[in-house]
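Hi everyone, thanks for making the time this morning. I'd like to walk you through one model, so please have a look at it first and then we'll go through it together.

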Amino acid sequence: MIELKNVTKVFHKGTVNENVAINDISLKINKGDFITVIGSNGAGKSTLLNLIAGYIFPDNGSIYIDGEDVTKISDYKRAYYIGKVFQDPLSGTAASLTIEENLAIAKKRGQKRWFSKGVKAKDREFFKEKLKVLGLGLENRLKDKVGLLSGGQRQSLTLLMATLVKPKILLLDEHTAALDPKTATKIIELTEYFINEYNLTALMVTHNMRQALKLGNRTIMMDKGEIVLDISGKERENLEVKDLIDMFSKVRGEEISDDKLLLI
Ligand SMILES: Nc1ncnc2c1ncn2[C@@H]1O[C@H](COP(=O)(O)OP(=O)(O)OP(=O)(O)O)[C@@H](O)[C@H]1O
């Protein structure tokens, strides 16, 4: 289980630009939860994921992974626990390395000598089997440089790399936002496949409210650094986007201000 206890993150503290991006958030993420995260621009969604990943540290509060306090543990040391796929398809893989070298690095995630890109023959077979699942023929291109791949192919590979060593949590931050609709649909299908197949715990940020209600077992909505809705179980069944908008208005006493959220 992942737990955040009274976590606060303030950017530019003590200056005129002071910005409370995360305001005293407490959240329990149960093993096997697939949580979709929605909220307006600037609500704090990416900051929440970055805090869990250890890219930034909270000003107050604590973060626990399976009971271990990881609040001050660096992203590099936390990498063993966490799989990440972010918006930019170019960010999760190394362009100048081959497909198999990228996978070899992913397989060693969290180990001391993680940046050794050497590939053993038995790993090569393992990688081929895994790549077949993507349905892109990449199992026949192990020695191709990743820089040659399309955005969708790279994001598929990043997803595979993020789950190659089973993470305690998979963090997905608008990981289909930069892709064309058809490729985005394919990546979402793969995401669901990996989460179900490996029984992963996942947190996925999306601006698509319909998708947020369709995928996973739980949806949280953020607003101004706070979690304003946390919906699961019976309450979430058959819930439609308009219900979600009504619930938000009821809790906050105002309308959702983000056009991007309302369009979808
Ligand atoms: N590294 C940073 N330095 C300063 N301010 C930051 C930093 N990262 C985020 N912020 C600010 O914190 C607030 C929350 O940003 P965050 O990126 O978490 O929002 P978000 O919900 O992911 O928004 P979006 O949907 O637009 O991606 C915003 O006001 C943002 O400008």
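Let's start at the ligand: strand 2 (19-29) and helix 1 (45-53) each supply at least two residues of the shell around it. When I say helix or strand, I mean DSSP runs, H or I over at least four residues for helices and E over at least two for strands, numbered from the N terminus. Before going on, two housekeeping notes. Residues are numbered from 1 along each chain as its sequence is written. And this is a predicted model, so bear in mind that local features need pLDDT of at least 70, side-chain atom pairs count only at pLDDT 80 or more, and totals for chains, interfaces and linings use all residues.

Back to the ligand, then. Which residues surround the ligand? They are F11, N19, A21, G39, N41, G42, A43, G44, K45, S46 and T47. A residue counts as near a molecule or strand here if its C-beta atom, placed from the backbone, lies within 6 Å of it. Helix 1 contributes the most to this shell, with three residues. By class, the shell holds three nonpolar, seven polar and one charged residues. For those classes, Ala, Val, Leu, Ile, Met, Phe, Trp, Tyr, Cys and Pro are nonpolar, Asp, Glu, Lys and Arg are charged, and the others, Gly among them, are polar.

Strand 2 takes us on to the sheets. Four strands form an open antiparallel sheet in the order 2-1-4-5, where two strands pair if DSSP finds at least two bridges between them. Strand 2 and strand 5 (68-69) are at the edges with a single partner strand each, so one side of each has no neighbour in the sheet. Strand 1 (residues 2-11) runs antiparallel to strand 2, and seven bridges join them. If you want one to click on, E3 has K28 in strand 2 as its bridge partner.

The other sheet is also open, with six strands in the order 6-7-8-3-9-10 and mixed pairing. Its edges are strand 6 (82-85) and strand 10 (226-232), each with a single partner strand, so one side of each is left without a neighbour in the sheet. On average, neighbouring strands of this sheet are turned by 20° against each other, direction ignored. Strand 9 (residues 218-223) pairs with strand 10 in the antiparallel sense over six bridges, and D223 stands opposite E226 in strand 10. Across strand 9 and strand 10 lies helix 9 (residues 241-252), running at about 135° to strand 10. Axes here are lines fitted to C-alpha atoms, for helices over the stretch in contact, and angles run from 0 to 180 degrees between N-to-C directions.

Now for the helix packing. Helix 3 (residues 99-107) and helix 5 (residues 151-164) pack at about 30°, with their axes 8 Å apart. That makes helix 3 roughly parallel to helix 5; angles under 35 degrees count as roughly parallel, over 145 as roughly antiparallel, 65 to 115 as roughly perpendicular and the rest as oblique. The contact is made by I99, N102, L103, A106 and K107 of helix 3 with L157, M161 and L164 of helix 5, and contact means that C-beta atoms, placed from the backbone, lie within 7 Å. By class, that contact has six nonpolar, one polar and one charged residues.

How do helix 3 and helix 4 (residues 121-132) cross? Their axes come within 10 Å and cross at roughly 100°, which makes helix 3 roughly perpendicular to helix 4. Here E100, L103, A104 and K107 in helix 3 meet D123, R124 and F127 in helix 4. This contact divides into three nonpolar, no polar and four charged residues.

That's my tour; happy to take questions!

Notes: Two residues are in contact if their C-beta atoms, placed from the backbone, lie within 7 Å.
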